[in-house]
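Have a look at it first, and then we'll go from the whole chain down to single residues.

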Amino acid sequence: MVTEDQPYDPLIEESVEIAADPAQVWAVVHDVRRMPEWSPQVESVRLRQGFDEVAEGTEFTNRNVLDDLAWTTHGTIERFEPERAFAFRIAETRVVWSFTLEPTTGPGEGGGTRLVQRRETPDGISDVSLELAESTFGGQEAFTTRLRAGMQETLAAIRSAVEDGSGAPR
């Protein structure tokens, strides 16, 4: 809940149902280097020097673009549980982004996956990030609306990649 003391939502969450088991979804979603394929904001992701694969502790650099603004962020994978969840923290904003896979079953089907994307702020949001949301993105409410739309677009693209087979691991 947004208050004067906390001018942003501490948890933003969106989800999508995918007609594939968690192993199939995990094979597509766990590699942060593939985020530019799905996220409307992420232009590129590169693992930092010395990291060859995605796992807990892996560090990476993002290049992000939104409207006329481009910026670089640095992330570290903090949680990596195959076929279940992974999360990464962005140093510049202090926020934690995560994907959680929850097995589901549909009528007459072998099962599917509910993929949940979250943005959490366990340590708050950096002052620079708060100021940018106010000065550049129309305030916290507008920025949160934009984040939700981007999350929905990301999840829909991941679902399409998994369900149509175009997202097969590289």
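Among contacts in the chain between residues at least 6 apart in sequence, what percentage join residues at least 24 apart? It comes to 50%, where a contact means heavy atoms within 4.5 Å.

Before going on, a quick word on the ground rules. This is a predicted model, so local features need pLDDT of at least 70 and side-chain atom pairs count only at pLDDT 80 or more, while totals for chains, interfaces and linings use all residues. Residues are numbered from 1 along each chain as its sequence is written, and side-chain values use heavy atoms, with hydrogens and water left out.

**The whole chain**

You'll find three helices and seven strands here, and from the N terminus on they run β-α-β-β-β-β-β-β-α-α. These elements are DSSP runs numbered from the N terminus: helices are H or I with at least four residues, strands are E with at least two. The radius of gyration is 16 Å, close to the 15 Å that the globule rule gives for 170 residues, so the chain is as compact as a globular protein of that length. (That radius is taken over C-alpha atoms, and the rule is 2.2 Å times the number of residues to the power 0.38.) Along its principal axes, the C-alpha trace spans about 50 × 40 × 30 Å. Of the 170 residues, 44% count as buried; buried means under 20% relative accessible area, exposed over 50%, and partly exposed in between, using a 1.4 Å probe and protein chains only.

Strand β7 (residues 112-120) is mostly covered, with seven of its nine residues buried.

**Two residues up close**

Is Thr154 buried or exposed? Thr154 is buried, because its relative accessible area is 2%. You'll spot Thr154 in helix α3 (residues 140-163). Leaving out residues up to four places away in sequence, Thr154 touches Met35, Trp38, Ser39, Pro40, Phe99 and Gln117.

Now try Ala70, which lies in strand β4 (residues 69-81). With a relative accessible area of 35%, Ala70 is partly exposed. Again leaving out residues up to four places away, Ala70 touches Arg63, Asn64 and Val65. Val42 is 28 residues from Ala70 along the chain, and their C-alpha atoms are separated by 9.7 Å.
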